[in-house]
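Hello,

Here is the structure I promised to pass on to you. Please have a look at it first, and then read my notes below.

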Amino acid sequence: MASDSMTSTAGSVAIPEGFQGVASDFSADKQAFPVPWGKAMMWIFLLSDTFIFTCFLTSYMNVRISTTMPWPNPSEVFALHIGGTDVPLILIAIMTFILITSSGTMAMAVNYGYRRNRARTTSLMLITAAFGATFVGMQAFEWTKLIVDEGIRPWGNPLGAAQFGSAFFMITGFHGAHVSAGVIYLCVVAMRVWNGFYDRKGTYETVEITGLYWHFVDLVWVFIFAFFYLW
């Protein structure tokens with residue numbers, strides 16, 4: 001046993017004791033979890049974004065419950081006049097379907113990225129970006145309809161509670177900005193995939209990181225859809 005102990009001691013690296021030992025250990029640049037730096041930073045960003053959207057939705061629910069003015073019925077406000085009848089939430093349903101579908105194409109892009117299939121990865125990412133651009137375009141149509149036809153403003157609402165307009169434009173506008181940024185992000189990464197940048201780099205982790213951002217944007221919309229449009 002003494003021999004084993006001596007062998008272990010001889011084969012190990014001596015670490016200073018006390019504060020110098022702590023400083024030496026931390027400065028050794030050891031990795032506790034095998035997570036790429038870019039992915040870790042994206043998770044931190046998404047966590048901070050989660051707090052912001054949580055504050056928005058919590059504030060909205062607080063205003064919705066505490067206001068004394070009648071709150072407009074979303075099924076009526078966001079209805080489209082089609083074929084002589086008002087179809088409730090049809091536009092919102094299509095927008096939700098588009099975003100959910102884009103999550104599927106993004107997941108497939110990540111899968112083909114790790115297979116080093118540049119053509120399919122690029123095409124699927126561009127399809128995902130097209131879905132996102134379509135969503136933003138439909139949201140712009142929705143905003144135009146509410147502002148021009150319904151007269152709803154961030155500071156007023158002829159249909160009921162004034163907070164309805166501010167809550168709607170703040171929450172959907174912030175999310176729409178994320179989708180717009182995501183579309184640009186997708187296009188840039190897709191072009192780099194097509195040009196062989198990640199083949200030369202030796203990893204397609206950036207495609208997966210882009211997917212994390214896009215799935216987060218889609219997930220946030222599910223909560224907005226549930227709390228704002230269905231409640």
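How many aromatic pairs does a search of the whole structure find? The answer is 25. Please keep in mind throughout that this is a predicted model.

**Aromatic pairs**

Take Trp71 and Phe164: their ring centres are 5.7 Å apart and the planes stand at 70°, so the pair is edge-to-face. The cut-off for that label is an angle over 60 degrees. Trp71 belongs to the loop between α3 and α4 (74–77), while Phe164 is part of helix α7 (residues 163–194), so the contact ties together parts that are 93 residues apart in sequence. Both partners are on the buried side: Trp71 has a relative accessibility of 15% and counts as buried, and Phe164 is buried too, with a relative accessible area of 0%.

The other example is Phe168 with Phe169. Here the centres of the rings lie 5.1 Å apart and the planes are at 75°, so this pair is edge-to-face as well. Phe168 counts as buried at 0% relative accessibility, and Phe169, with a relative accessible area of 9%, is also buried.

**Charges over rings**

Arg64 lies over the face of Trp231, 4.8 Å from the ring centre. In a second case, the charged end of Arg192 sits over the ring of Phe197, at 4.3 Å from its centre.

**The nonpolar core**

The largest nonpolar core has 54 residues. Those that touch the most other members are Phe78, Met125, Trp221, Ile224, Phe228 and Tyr229. At least two residues of this core come from each of α3, α5 (90–114), α6 (118–149), α7 and α9 (205–229). Which helix gives the most to this core? That is α9, with 13 residues.

**On the surface**

Finally, a look at the outside. Trp37, Met41 and Ile44 make a nonpolar surface patch of about 370 Å². Trp37 is found in helix α3, which covers residues 37–66. Is Trp37 buried or exposed? Its relative accessibility is 66%, so Trp37 counts as exposed, the cut-off for exposed being over 50%. Trp71, by contrast, counts as buried at 15%.

Happy browsing, and best wishes

Note on methods:
Residues numbered from 1 in each chain as written. Predicted model: local features only at pLDDT ≥ 70, side-chain atom pairs only at ≥ 80, totals over all residues. Heavy atoms only, no water. Patch = residues over 30% accessible without salt bridge, like charges linked within 9 Å, V, L, I, M, F, W, Y side chains within 5 Å. Areas by Shrake-Rupley, 256 points an atom, 1.4 Å probe, with all protein chains shown as cover. Salt bridge = Lys/Arg side-chain N within 4 Å of Asp/Glu carboxyl O. Helix = DSSP H or I, 4+ residues; strand = E, 2+ residues; numbered from the N terminus. Buried < 20%, exposed > 50% of the residue type's maximum accessible area, 1.4 Å probe, protein only. Phe/Tyr/Trp six-rings, centres within 6.5 Å; stacked < 30°, edge-to-face > 60°. Lys NZ or Arg CZ within 6 Å of the ring centre and 35° of its normal. Core = buried A, V, L, I, M, F, W, Y, C linked by side-chain atoms within 4.5 Å.
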